[in-house]
Amino acid sequence: MHLKELKIKLLIIGWLMIRVIIVTYNSQEDVKTCLKQLTKSADYTLDITVVDNNSTDSTLKYIRNAYPQIDIIRCDHNGGYAYANNIGISKYLGSNKEPKAFLILNPDATISTKQIAELYNTLILNKEVHRRLINFKLL
């Protein structure tokens, strides 16, 4: 499938199918690059949630000011990486915004929307891979 065809399919399906979860803890400098990369494409709009592990720096202030469209969940304590991811995921499971997939990123990760589209194509649109994943449940 060509990227142009993929764009059309993704626009029809909608990006609510993938929710990006980024866990931060005093990660302002790292998350700047990550969010810039995720939000720079005019072709796609990603649904991004930042789960903050009770940062003491200005990470949340930066995100609120630079990216007001991003959902933020602030934990009242640093429960660790897995804890914060589970908080972010559980917010959307069973809701009217439940995605087909979650993309979990570290704040220092860089990935382009094109790479996410290719990942989506492989995991969701590829019938053979999707058939194998459909019975997989988060416990």
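**Helix packing and salt bridges**

Modeller: The buried residues of α4 pack against β1, β2 (47–52), β3 and β4 (101–105). Contact means heavy atoms within 4.5 Å; buried is under 20% relative accessible area, exposed over 50%, partly exposed in between (1.4 Å probe, protein chains only). Helices (H or I, at least four residues) and strands (E, at least two) are DSSP runs, numbered from the N terminus. This is a predicted model, where local features need pLDDT of at least 70, side-chain atom pairs count only at pLDDT 80 or more, and totals for chains, interfaces and linings use all residues. Residues are numbered from 1 along each chain as its sequence is written, and side-chain values use heavy atoms, with hydrogens and water left out.

Colleague: Which residues of α4 are buried?

Modeller: A84, N85, G88, I89 and Y92. They sit on the same side of α4, because they cover an arc of only 130° around the axis, taken from the directions from the helix axis to the C-beta atoms.

Colleague: Other topic. How many salt bridges does a search of the whole structure find?

Modeller: The search finds 2, each a side-chain nitrogen of Lys or Arg within 4 Å of a carboxyl oxygen of Asp or Glu. In one, D71 pairs with R19, the closest N and O atoms being 3.1 Å apart. D71 is in strand β3 (residues 71–74) and R19 in strand β1 (residues 18–24), so the pair ties together parts 52 residues apart in sequence.

Colleague: Is R19 buried or exposed?

Modeller: R19 is buried, at 3% relative accessible area, while D71 is partly exposed at 25%.

Colleague: And what does K32 pair with?

Modeller: E29, with the closest N and O atoms 3.4 Å apart.
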